[in-house]
Amino acid sequence: MIKQLDLSAHDSGLREEILHKVQQVFETQQFVLGCFVDEFERACEAYLDVRHAVAVASGSDALYLSLMAMGIKRGDRVITTPFTFFATVSAITRLGAFPVFVDIEPDTFNIAGKGIEQALKRHRGIKAILPVHLYGRSADMEAITGLAKEYGVRVVEDAAQAFGARCVLDHGFRKAGTVGDAGCFSFYPTKNLGAAGDAGMVVTNDDRIAGLLRMLRVHGSPERYLHTHPGINSRMDGLQAAVLSVKLGHIERWNHTRMELARRYTEMFRDRGLDRVITLPEVPEDATHIFHQYTIRVRDRDTLREALRKDGIGTEVYYPIPLHLQPVFRYLKYRKGSFRQAEVAAQQVLSLPLYPELSEDQQREIVDALQRHL
Ligand SMILES: *Cc1c(COP(=O)(O)O)cnc(C)c1O
């Protein structure tokens with residue numbers, strides 16, 4: 001039995017160190033924000049090379065509060081992708097703003113620069129672009145920030161699946177999340193840097209935005225019982241920060257391992273000529289894809305998935321229904337056919353097991369099984 005994601009081996013090696021730190025949380029009673037959260041924020045700033053890291057309660061809140069800090073309000077429009085997790089888009093709609101979807105590029109699954117430019121020309125009231133670094137692959141931030149500057153709109157990155165990935169810019173690399181006006185991370189347990197519960201983070205190089213975010217996460221309150229902004233309760237727990245501080249020390253190695261495993265999958269598939277029947281993800285050499293997911297495309301996806309399940313191999317579909325076709329967004333009046341690439345991707349994508357502890361034997365077993373069923 002090979003699960004799509006197995007966290008038991010992942011955490012066991014660090015358990016003692018984590019529990020020791022958790023014990024310190026109880027001893028100091030720093031349960032909400034406090035010194036462990038401060039420590040984790042400073043460590044993230046150093047690792048990501050960004051001025052401010054503001055810890056919040058989830059990745060969803062990170063997105064919502066970032067847009068709020070940018071001044072996005074009722075009736076505004078925000079460009080984003082229809083091929084993402086629900087929270088990317090609900091962050092927009094919860095503020096009364098409207099998503100303007102732009103279709104994805106078929107090879108990277110990320111929104112296409114060309115489509116963004118068309119949307120910027122066509123629609124009034126666009127205030128921000130919200131790209132997603134899907135599956136751990138960084139979106140084309142060079143094109144996106146260029147367009148944002150040209151049209152005077154903000155950029156908020158959804159980096160929930162891309163902690164530690166790099167973005168290519170003309171003057172070199174920057175870590176995903178630190179290129180736009182703000183970047184959002186999720187530490188949900190299944191993410192490549194996962195907590196022991198819900199947690200999230202916003203990073204920014206803008207002092208003013210950071211100040212706003214620090215206030216918005218505590219009920220819009222600059223000092224006790226004074227409320228100047230309509231904020232919410234979205235604070236990171238000390239326990240989550242303690243767990244994350246320990247794990248942060250290993251993220252570089254884990255991401256590196258993910259990339260090696262991806263390379264090995266691709267090699268194994270090619271060796272058997274399977275790259276003619278399935279579309280493999282490109283494996284860049286420059287860490288612009290940290291393989292949060294290794295996602296292939298296949299024609300008869302659901303049949304293959306069921307056959308693999310019977311062989312004891314877990315897979316996942318991220319995501320089976322694009323956001324423009326979700327019942328909750330019917331009022332946006334998009335239709336089937338509105339975003340063909342996202343719709344085709346939703347029918348074809350299959351994410352294979354991939355986590356740092358996955359062994360070569362397990363990978364071979366998975367590739368063998370795929371070969372049997374294709
Ligand atoms: C996980 C995820 C989120 C939401 O993060 P939570 O911590 O679960 O709230 C947002 N966007 C993307 C792309 C995600 O994968």
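The stops that follow visit a sheet, the helices upon it, and several salt bridges in this predicted model.

Begin with the sheet. Seven strands make up this open sheet, in the order S1-S9-S8-S5-S4-S2-S3, with mixed pairing. Select S1 (52–56) and S3 (98–101): these strands stand at the edges with a single partner strand each, so one side of each has no neighbour in the sheet. On average, neighbouring strands are turned by 25 degrees against each other, direction ignored.

Next, select residues 182–186 and 200–204, which are strands S8 and S9; they run antiparallel and are joined by four bridges. Here Cys184 stands opposite Val202 in S9.

Helix H6 (residues 113–122) lies across S2 (77–80), S3 and S4 (126–130), and runs at about 165 degrees to S4. Helix H7 (residues 141–151) also packs on the sheet, where H7 touches S4 and S5 (154–158) and makes about 150 degrees with the direction of S5.

Select Arg51 and Asp207, whose closest N and O atoms are 2.8 Å apart in a salt bridge. Arg51 lies in the loop between H3 (35–48) and S1, and Asp207 in H8 (residues 207–216), so this pair ties together parts 156 residues apart in sequence.

Finally, select Glu41 and Arg42, a salt bridge with its closest N and O atoms 3.1 Å apart. Glu41 is buried, at 1% relative accessibility, whereas Arg42 is partly exposed, at 37%.

Key
Residues are numbered from 1 along each chain as its sequence is written. This is a predicted model: local features need pLDDT of at least 70, side-chain atom pairs count only at pLDDT 80 or more; totals for chains, interfaces and linings use all residues. Side-chain values use heavy atoms; hydrogens and water are left out. Two strands pair if DSSP finds at least two bridges between them. Helices (H or I, at least four residues) and strands (E, at least two) are DSSP runs, numbered from the N terminus. Axes are lines fitted to C-alpha atoms, for helices over the stretch in contact, and angles run from 0 to 180 degrees between N-to-C directions. Contact means heavy atoms within 4.5 Å. A salt bridge is a side-chain nitrogen of Lys or Arg within 4 Å of a carboxyl oxygen of Asp or Glu. Buried means under 20% relative accessible area, exposed over 50%, partly exposed in between (1.4 Å probe, protein chains only).
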